[in-house]
Amino acid sequence: MPNARVLRDIKARNIVKANEILRRAYLYVARNETLSPQVRHQAQLQLNTFGKYTHPTTVKNRCTESGRGRGIISEFALCRYQFRLKALKLELPGVRKASW
């Protein structure tokens, strides 16, 4: 069962993905200094109406097993501890403990 933090992060990723194009368009218009101030102001007002989870900074890499937010190995979406456990159990394809 996924952690509540993981579920929140998945929700944030989906909402950011759904609103990304429209949000970037409004941001471009709001920052474009060649346009009239009224148009830029309207674009800024539209940006302000977007919800909390539409902002890309709400997305954080989390471990899919434990929900930990630090020490994430992004290729496997696991924290370092879970990565080590799964690697020792040979559950990760192409990963073996080094010995020399």
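Guide: Leaving aside neighbours within four places in sequence, Gln82 is in contact with Cys63, Glu65 and Ser66, where contact means heavy atoms within 4.5 Å. This is a predicted model, in which local features need pLDDT of at least 70 and side-chain atom pairs count only at pLDDT 80 or more, while totals for chains, interfaces and linings use all residues. Residues are numbered from 1 along each chain as its sequence is written, and side-chain values use heavy atoms, with hydrogens and water left out.

Gln82 belongs to helix 3, which covers residues 80–88. Helices are DSSP runs of H or I with at least four residues, strands are runs of E with at least two, and both are numbered from the N terminus. Gln82 has a relative accessible area of 18%, so it counts as buried. Buried means under 20% relative accessible area, exposed means over 50%, and partly exposed lies in between, with a 1.4 Å probe and protein chains only. Of the 100 residues in the chain, 23% are buried.

His41 is partly exposed because its relative accessibility is 46%. Between the C-alpha atoms of His41 and Cys79 there are 43 Å, and the two residues are 38 apart along the chain.

Now the chain as a whole. It holds three helices and two strands, in the order α-α-β-β-α from the N terminus on. The chain is more spread out than a compact globule, because its radius of gyration is 20 Å, well over the 13 Å that the globule rule gives for 100 residues. That radius is taken over C-alpha atoms, and the rule is 2.2 Å times the number of residues to the power 0.38. Along the principal axes, the C-alpha atoms fill a box of roughly 65 × 30 × 20 Å.

The domain assignment gives domain 1 as 4–60 and domain 2 as 71–100; such bounds come from an automatic or database assignment. The C-alpha centres of domain 1 and domain 2 are 35 Å apart. Among contacts between residues at least 6 apart in sequence, 39% join residues at least 24 apart.
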